[in-house]
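Please look at the sequence and the fold together before reading on.

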Amino acid sequence: MDANGVKLESNLLNISGQLKQPHTVYAAVDDANLCSTSPICEAPIIRQFWKAGVYNDELASKSRTQSGSTYLHIHPRFLHSNATSHKWVFGAVAELIDNAVDEIQNGATFVIIDKTINPRNGSSALLIQDDGNGMDPEAMRRCLSFGFSDKSSISAIGKYGNGFKTSTMRLGADVIVFSRNMTDRKMTQSVGLLSYTYLTREGYDRIVVPMVHYEFNCITRSFVSLQSKDNDNSNLNLSMLLQWSPYSTHEELLKQFENVGPHGTKIIVYNLWLDEDRRMELDFDSDPEDIRITRDARSKLKDGSRQAESEQHLANRLCYSLRAYLSVLYLKLPETFAMVLRGKVVLYHNVATDLKYTEFIMYKPTEGSVVTTIGFIKEAPLVNVHGFNVYHKNRLILPFWPVVSFSANRGRGVVGILEANFIEPTHDKQDFEKTSTFQKLVHRLKEMTLEYWDYHCGLLGYHINKKATVTPGASNFVHQHGTEQSIPMRKFSMGGETTRKQPMITTINSRASFQSKSLPNLVQPSFPPGFHQGSNLKRKPSYQPITFKSEARMEVNSIKGSNRTGLANTRDAINVIEENRKLRAQCSEFEKAEERLKFKVMQLKMELGEAQKEYVRLSGELQFLEKVKGETSFQYI
């Protein structure tokens with residue numbers, strides 16, 4: 001894959017041994033053509049991504065592979081067509097962050113997402129940097145190849161060996177990668193360039209990827225090239241890098257490793273794509289602490305309106321705010337790892353904490369079981385947001401995915417969260433493969449939504465639909481821990497007999513469980529005649545959905561409604577509720593204080609990491625000085 005393996009076609013047979021390696025050279029290029037490259041790193045001819053697939057075949061080389069060749073060429077147009085799998089620009093950014101998150105198992109503690117400047121022309125570029133294990137020369141070749149993946153961990157997010165190419169080419173026309181690796185006391189650093197601009201402007205009909213590699217020399221205390229200086233291919237690789245990368249000198253190129261540390265990877269995507277209005281797709285200017293999508297960031301609504309309130313909800317902000325999207329991108333991350341966007345740590349946001357009247361529902365696919373958290377968003381019914389956040393291996397695939405097309409508000413405001421590791425995501429990780437298992441999940445989530453709505457819509461003041469039929473999903477409810485609210489009691493028919501009696505379900509927020517400081521005891525639900533627990537049949541139309549009432553509120557209502565209960569008892573009950581409210585407010589303050597402390601711990605760990613890197617550097621210098629001192633003493637003796 002390196003350009004250092006590139007020769008005239010007459011010499012292809014001489015390098016057949018190299019072509020058998022996984023990092024096969026994509027192109028056979030005439031060395032003379034490379035001398036005609038521009039000394040300036042120019043932008044691509046077409047700046048809009050969705051129009052950049054137009055390739056000028058008249059400029060393409062007329063060279064052809066010799067008959068009997070055992071390898072295939074990949075046309076540069078494939079870089080663009082391969083990147084079209086990403087319909088959403090933030091999905092491409094997430095792919096690169098996934099690579100950093102996969103490095104947590106190798107000791108990575110941060111990933112930086114920021115704006116940087118292309119020194120060639122002063123244009124904006126995207127920087128993504130982590131302190132993972134980095135890549136040695138062979139790993140760099142595999143990274144810039146197609147279909148090779150070194151990720152063998154079951155928990156790894158990436159597995160196809162294609163995400164780096166699709167994501168970087170979706171974000172911009174060109175990308176340069178700097179990576180440093182330390183293995184068995186051997187430190188190497190590599191630079192690779194994947195440039196759609198270079199290939200299109202030079203008219204190549206196959207892909208050429210220049211790379212240079214260096215190894216640290218303990219004696220000279222410097223990095224030396226792994227290619228011989230007399231090697232024409234080595235000079236060719238470096239020449240191509242200096243002509244088409246943002247850095248015009250060798251010193252400036254190597255200077256990019258100064259903040260990488262002993263190991264890590266730095267990715268710079270430049271010549272970023274423009275949208276159809278010829279504005280940069282990524283907006284770095286609207287918010288100095290965020291990266292936004294230009295087209296959506298500029299749409300503004302009247303402040304205070306209900307529509308504006310819905311627009312500011314996380315479910316809508318993540319569509320154009322990278323900070324909002326990153327806050328929910330992963331279901332959980334270790335406290336030792338931080339995502340730093342524009343110099344500020346991204347705070348993790350658990351959507352489950354935004355729900356009220358929460359239920360936990362068990363779903364059993366073909367193998368294993370999954371607990372789905374479902375409830376109303378806390379802003380309901382004022383904000384029109386609904387859907388499920390579906391994760392796969394800790395990674396968000398479908399954010400606020402609507403599974404029902406509600407009519408008459410049925411399903412409005414219902415939000416759920418689950419991790420579905422039993423289905424496979426598509427290559428862009430923005431959807432799932434439409435298998436039969438996926439279709440069964442869709443059907444069950446729709447049932448969950450409507451079932452939850454029919455049981456709880458009265459809590460929001462909606463009219464209860466007496467004709468609604470739901471599955472006996474109460475048998476699936478693990479427990480309920482919603483905020484105490486009064487639910488209007490209503491009659492329902494059971495075997496032709498009318499009753500006002502409701503099933504008793506102990507909740508976490510009820511007074512009894514609050515005083516006992518224990519988890520709620522599960523109560524077996526009662527079903528109308530003709531139904532069996534665990535049945536998948538629909539309830540009979542004559543049966544009306546059961547609603548729940550918290551124990552404390554039921555007690556207060558019964559006290560108020562009874563003429564035999566004194567005023568003192570009523571006041572005592574009200575005092576208990578007020579005390580509960582105060583305690584909840586205190587809990588909220590404690591949770592905020594906990595978040596602040598976690599943030600402080602994260603900052604201190606980052607500072608500790610920097611101190612450790614400095615310690616490693618100073619230790620290396622000390623060992624070198626001791627070695628020099630020992631050699632000097634020996635010579636003196």
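Thr449 is buried, because its relative accessible area is 2%, and the word buried here means under 20% relative accessible area, while exposed means over 50% and partly exposed lies in between (1.4 Å probe, protein chains only). Thr449 has its place in helix H14, which covers residues 436-456; helices (H or I, at least four residues) and strands (E, at least two) are DSSP runs, numbered from the N terminus. The model is a predicted one, in which local features need pLDDT of at least 70 and side-chain atom pairs count only at pLDDT 80 or more, whereas totals for chains, interfaces and linings use all residues. Residues are numbered from 1 along each chain as its sequence is written, and side-chain values use heavy atoms, with hydrogens and water left out.

What does the side chain of Thr449 reach? The side chain of Thr449 reaches the backbone oxygen of Leu445 at 2.9 Å, and a polar contact is defined as a pair of N or O atoms within 3.5 Å, where, within protein, one must be able to donate a hydrogen and the other to accept it, and residues adjacent in sequence count only if both atoms are side-chain atoms. Leaving aside residues up to four places away in sequence, Thr449 touches Ile374, Phe388, Val403, Val404, Gly411 and Val414, a contact being heavy atoms within 4.5 Å.

The side chains of His456 and Glu359 are joined by a polar contact of 3.1 Å. His456 and Val414 are 42 residues apart in sequence, and from C-alpha to C-alpha they are 10.0 Å apart in space.

Ser245 lies in a loop, the one between helix H8 (232-244) and helix H9 (250-254). With 0% relative accessibility, Ser245 counts as buried, and its side chain reaches the backbone oxygen of Leu241 at 2.6 Å.

## Backbone details in two loops

In the loop between strand E13 (370-377) and strand E14 (387-392) we find Pro381, and the peptide bond that leads from Ala380 to Pro381 is cis, with omega near 5°.

The loop between E14 and strand E15 (395-401) holds Lys393, and Asn394 is found in the loop between E14 and E15 as well. Phi of Lys393 is near 50°, which is a positive value in a residue other than glycine, and phi of Asn394 is near 80°, again a positive value in a residue other than glycine. Is each of them buried, partly exposed or exposed? Lys393 counts as partly exposed, at 28% relative accessibility, whereas Asn394 is buried, with a relative accessible area of 14%.

A nonpolar core is a set of buried Ala, Val, Leu, Ile, Met, Phe, Trp, Tyr and Cys residues joined through side-chain atoms within 4.5 Å. The largest such core has 119 residues, and those with the most contacts inside it are Ile97, Ile113, Leu126, Leu171, Ile176, Leu322 and Leu326. Helix H4 (residues 89-102) supplies the largest share of this core, nine residues. Not counting residues up to four places away in sequence, Leu322 touches Phe90, Val93, Ile113, Asp290, Ile291 and Leu341.

Helix H6 (residues 163-171) is largely enclosed by the rest of the structure, because nine of its nine residues are buried. Among the buried residues of H6 are Lys165, Arg170 and Leu171.

## The second largest pocket

The second largest pocket has a volume of about 1100 Å³. On a 1 Å grid over the protein atoms alone, a pocket is an open set of points with protein on both sides within 12 Å along at least five of seven lines, and lining residues have an atom within 4 Å of a point. This pocket is lined by 30 residues, of which Met187, Phe216, Arg221, Val616 and Arg617 lie nearest its centre.

Strand E3 (172-183), strand E4 (186-195), strand E5 (211-217) and helix H17 (567-636) each supply at least two residues of the lining, and H17 gives the most, with eleven residues.

## The protein as a whole

The secondary structure of the protein comes to 17 helices and 19 strands, and of its 637 residues 47% count as buried.

Conventions
1 Å grid on protein atoms, 1.4 Å probe; cavity = no way out; pocket = protein on both sides within 12 Å on 5 of 7 lines; lining within 4 Å. Points joined across faces, edges and corners; volume = space filled by probe spheres on them.
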